[in-house]
Amino acid sequence: MSGDGGGFVSIVDILRRHAAARPDHKALIFDDGAGPVAELSYAGLLASATRVAGGMAGRGLAGRPVALIFEQGLEFVVALVACLSIGAIAVPVAPQGRRRERMANLLPLLRDCDPAAVVVDSAMAEQYEDLQPTLAASGIAYLTFEALA
């Protein structure tokens, strides 16, 4: 996408423009199928993503692959925008299989993408708590979304 000067315009640039022009307008609405359950304005999305991006950059994740393991919801979008804003390579990971199979399914994927970190939301942190020692042995940071926000 080209801007007025013919340069590249990223989704983060567009978010910044919307946050400045219409800060209170809804940027995201999460609907669980029974109706809206959460929402973020443009200003709120930008502020949240900026906080998380700061936490990621402070841990040396700029320009590196970062695996994102999240339930559906707004936190995933915040983490994705945070990755984009620091030039990290977001690798969204959807847990596959039954709970006890998920770890076995996840490890080959992580080996392939070789992330600098795995970021999880609180729900996934409970499911993948046992993953921490394996990741640490491979030099991969295990981070919770809450710790970055």
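Two strands are taken to pair if DSSP finds at least two bridges between them. Strands (E, at least two residues) and helices (H or I, at least four) are DSSP runs, numbered from the N terminus. On this basis, Lys26 stands opposite Ser41 in β2. The model is a predicted one, in which local features need pLDDT of at least 70, side-chain atom pairs count only at pLDDT 80 or more, and totals for chains, interfaces and linings use all residues. Residues are numbered from 1 along each chain as its sequence is written, and side-chain values use heavy atoms, with hydrogens and water left out.

Strand β1 covers residues 26–31 and strand β2 residues 36–41. The two pair in the antiparallel sense over five bridges. Phe30 has Ala38 of β2 as its bridge partner. Four residues lie between the strands of this hairpin, and Gly33 takes a positive phi near 100° there. Val37 belongs to strand β2. Contact is defined as heavy atoms within 4.5 Å. Val37 touches Phe30 and Asp32, when residues up to four places away in sequence are not counted. The C-alpha atoms of Val37 and Gly73 are separated by 9.4 Å, with the two residues 36 apart along the chain.

Axes here are lines fitted to C-alpha atoms, for helices over the stretch in contact, and angles run from 0 to 180 degrees between N-to-C directions. β3 and β4 pair in the parallel sense over four bridges. Within this pair, Ala67 stands opposite Val91 in β4. β5 and β6 also pair in the parallel sense, over four bridges. Here Val118 stands opposite Tyr142 in β6.

Nonpolar cores were then traced. Such a core is a set of buried Ala, Val, Leu, Ile, Met, Phe, Trp, Tyr and Cys residues joined through side-chain atoms within 4.5 Å. The largest holds 29 residues. Val52, Met56, Leu61, Val66, Leu68, Val78 and Val119 touch the most other members. At least two residues each come from α1 (11–21), α2 (42–58), β3 (65–69), α3 (74–86), β5 (117–120) and α7 (145–148). α3 gives the most, with seven residues. A second, separate core has 15 residues, including Val91, Leu106, Leu110 and Ile140. Leu68 has contacts beyond its neighbours within four places in sequence: Met56, Phe76, Ala79, Leu80, Cys83, Ala90, Val91, Pro92, Val93 and Val119.

Helix packing was described next. Two packed helices are described by the angle between their axes and the distance between the axes. The axes of α1 and α3 come within 9 Å and cross at roughly 110°. That makes α1 roughly perpendicular to α3, a label given to angles of 65 to 115 degrees, whereas those under 35 count as roughly parallel, those over 145 as roughly antiparallel and the rest as oblique. Ile11, Val12, Leu15 and Arg16 of α1 meet Val81, Leu84 and Ser85 of α3. By class, this contact has five nonpolar, one polar and one charged residues. Ala, Val, Leu, Ile, Met, Phe, Trp, Tyr, Cys and Pro count as nonpolar, Asp, Glu, Lys and Arg as charged, and the others, Gly among them, as polar.

Two single residues complete the account. Phe145 is found in helix α7. It counts as buried, at 8% relative accessibility. Leaving aside neighbours within four places in sequence, Phe145 is in contact with Val52, Phe70, Glu75, Val78, Ala79, Val119, Val120 and Asp121. The C-alpha atoms of Phe145 and Ala79 are separated by 7.6 Å, although the residues are 66 apart along the chain. Asp114 lies in the loop between α4 (99–113) and β5. At 55% relative accessibility, Asp114 counts as exposed. Most residues other than glycine have a negative phi. Asp114 is not a glycine, yet has a positive phi of about 45°.

Definitions and conventions: Buried means under 20% relative accessible area, exposed over 50%, partly exposed in between (1.4 Å probe, protein chains only).
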